[in-house]
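Here are my notes on this model, as numbered points you can follow along with the coordinates open.

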Amino acid sequence: MNERDLSGKDDIEVQNLTKIFNGSVRAVDGITFNVKAGEILGFLGPNGAGKTTTILMLCTLLKPTEGTARLCRYDIVREPDKVRSCIGYAPQDISVDEDLTGLENLKLHATLYHMPGDLAEERIAEVLQLVELEDAKDRLVETYSGGMRKRLEIAEGLLHRPRVLFLDEPTLGLDLQTRAHIWEYIKRLNNEYGVTIFLTTHYMEEADLLCDRIAIMDYGRIVCIGTGSELKDQIGGDVIEVKLSETSPATEQVVKALKEQSFVRNVVVSPDKFSLNVFVDRGETATPKLAGFLSEAKLITNSISMLRPSLDDVFLKYTGRRIREDKASPEEFWRMRRALGRARA
Amino acid sequence: MIAEIVAISNRELKHWYRTRTAVFMSLIQPLIWLGLFGNTLGNAPTPFLAVLGAPNYLSFMTPGIVTMTMLFGGTFAGMSVIWDKRFGYLNKLLVAPIPRTPIVLGKMISATIRGMIQGLIVLAIAIALGVTVQTGIIGIVLIMLITGLFALSLASVSIAAATSMKTHETFFAFINLINLPLMFMSNALFPTAFMPNWMKSVASVNPFSFCVDAVRILTTGSLDWGRMLFDLEALLIFTIITTSIGIIVFRRITK
């Protein structure tokens, strides 16, 4: 996805990590994975898949029932203090202090991370600039919009320059424009500071856009892990959809001949016979060949479009279900979150 | 350690003094007690007042009301733990590379400071209403330290309770459960001589009584330093126990 050297040491090493709640609910069920230094790994999965539980364990806020994990070479159970000093954590629910100003929030954070006064001041100015909150720094956070709060949250997570940053649903409940903005910040952090990032999301485009590698999680297990294109390649390449302007008896023969072409894996004709779905390994190279083939066969086409398999198709393949996207409006969404928070507290 | 305690206390105190209505409201209740109760019983028959060992009822009840202010201020401390849990701020404190003790101490100390400021205002108003403190400025300073100790002990109890509770509702039920019995089964409003025997024995081990008694010695009572020392010892032991429990519970639950 990008040119950075990801061959270095692993910042996160997870071995058979398991969390069982109430004796029987396997929220996280024996997951094993590694995250290289400087890599962005995303956990994609529906609500309740065990993503947040995984983050809480890696951040030392929850004890695993079984298995271990090492962060920057420190054991999360035996050396929680050392782990804490090399990580940053931006929780799912925005938890900056509303009754303090943005600046006061950051100053308190600096004290908690033992930063000497002048260094704290310098870093605070730097992160405020990064998240573009310089003008709002002296206002109480209760006057901030959701996006501003999230940015302040991320600024806090970065203030002490952690080696590993945990972002739990970094753009949850935000409007599209703000989400794009935050994606940009996350990319920049990773590029400029080489921060290793572990994020969870249930937005497919977020995982696709941001992550070097994606782990798809369902019912506490990692069902598959790899780069976005690796995962999609497992679906069987691309799909080219051909819309025909007329049906002719010749179509059947053409389809038969098409199936024998080396670049074609399979062809499915729609029930109305007006469209063909051609499964190929690589859409980019197959499309011109297909267009040539069709015009030689004298089939009149209305359109040829390439459909890339989405991560949702990958999820579908492994779990038999689709990731349910949250369609709720931001307000409705935050109301739900509060109710959830009450249940979880 | 100190820097973290100061930073965390500071945050709590900012929450408090920035909501001016809350500061104002917290003073209303003690003022109603002083104004209404104090005035009504001010006209009680002379034999009643004679039992009190104070020039008037207002002077008798002032130590009780100052202590009550500390009680309410102290037991409210756990509220911030519930909020921080609910809004996830607690996790933010816990993920920082600092021990748990300064977090809980910061919360206890801020509740104590808050209580002491409120107590001082209530005492000042009582003085304005004619109550005298026979030991003067030094007495007032001592009263603040003694009642501050009491506030700290209750803040610890409150935080220990809040740490193990999930909702505001349970927490409020808990506060009500301990506040009123502590106050009424003490020497705050009436001399224990008026009480049935069983209540007398409760009052004699009630930490609230020790605090009121010490304050009363400094304001109007006979200057019995021996009894004062006994009161202080009892309060100190109570505070050490509760504070330790508060810290232990918080550390265990947030481990």
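1. In α3(A), the residues Gly102(A), Asn105(A), Leu106(A), His109(A) and Ala110(A) meet Leu152(A), Ala155(A), Glu156(A) and Leu159(A) of α5(A). Contact here requires C-beta atoms, placed from the backbone, to lie within 7 Å. By class, the residues of this contact are five nonpolar, three polar and one charged. For the classes, Ala, Val, Leu, Ile, Met, Phe, Trp, Tyr, Cys and Pro count as nonpolar, Asp, Glu, Lys and Arg as charged, and the others, Gly among them, as polar.

2. Some housekeeping before we go on. This is a predicted model, in which local features need pLDDT of at least 70 and side-chain atom pairs count only at pLDDT 80 or more, while totals for chains, interfaces and linings use all residues. Residues are numbered from 1 along each chain as its sequence is written, and chains are lettered from A and ligands numbered from 1 in the order in which they are written.

3. How do the axes of α3(A) and α5(A) cross? They come within 10 Å and cross at roughly 25°, which makes α3(A) roughly parallel to α5(A). (Axes are lines fitted to C-alpha atoms, for helices over the stretch in contact, and angles run from 0 to 180 degrees between N-to-C directions; under 35 degrees counts as roughly parallel, over 145 as roughly antiparallel, 65 to 115 as roughly perpendicular and the rest as oblique.) The crossing of α3(A) and α5(A) is right-handed. A crossing is left-handed if the near helix is turned anticlockwise from the far one by less than a right angle, and right-handed if clockwise.

4. Now to the other chain. α3(A) also packs with helix α1 (residues 2–18) of chain B, at an angle of about 155° and with the axes 9 Å apart; α3(A) and α1(B) are therefore roughly antiparallel. This crossing is left-handed. Leu108(A), Thr111(A) and Leu112(A) make the contact from α3(A), with Ala3(B), Glu4(B), Ala7(B) and Arg11(B) from α1(B). Four of these residues are nonpolar, one is polar and two are charged.

5. What does the whole contact between the chains take from each? Chain A gives 20 residues and chain B gives 21 residues. On the chain A side, α2 (80–85), α3 (102–112) and α12 (330–344) each supply at least two residues. That side comprises nine nonpolar, five polar and six charged residues.

6. Next, the six-stranded sheet of chain A. It is open and mixed in pairing, with the order β6-β7-β8-β3-β9-β10. β6 (87–90) and β10 (221–226) stand at the edges with a single partner strand each, so one side of each has no neighbour in the sheet. The twist averages 15° from one strand to the next. (Strands are DSSP runs of E with at least two residues, helices are runs of H or I with at least four, both numbered from the N terminus; two strands pair if DSSP finds at least two bridges between them.)

7. Within that sheet, β6(A) and β7(A) (residues 164–168) run parallel and are joined by four bridges. Tyr89(A) has Phe166(A) of β7(A) as its bridge partner. Helix α1 (residues 51–58) of chain A packs on the sheet, touching β3 (40–44), β7, β8 (196–201) and β9 (213–218), with its direction at about 150° to that of β7(A). Helix α5 (residues 146–159) of chain A packs there too, touching β6 and β7, and its direction makes about 170° with that of β6(A).

8. Chain A has an open, antiparallel sheet of four strands as well, ordered β2-β1-β4-β5. Its edge strands, β2 (25–36) and β5 (74–75), pair on one side only. Nine bridges join β1(A) (residues 10–21) to β2(A), where Asp10(A) is partnered by Lys36(A) and Ile20(A) stands opposite Arg26(A). The hairpin of these two strands has three residues between them, and Asn22(A) takes a positive phi near 50° there.

9. On its other pairing, β1(A) runs antiparallel to β4(A) over five bridges, with Glu13(A) partnered by Arg70(A). α1(A) lies across β1, β2 and β4 (66–71) of chain A, at about 120° to β1(A).

Terms used: Two residues are in contact if their C-beta atoms, placed from the backbone, lie within 7 Å.
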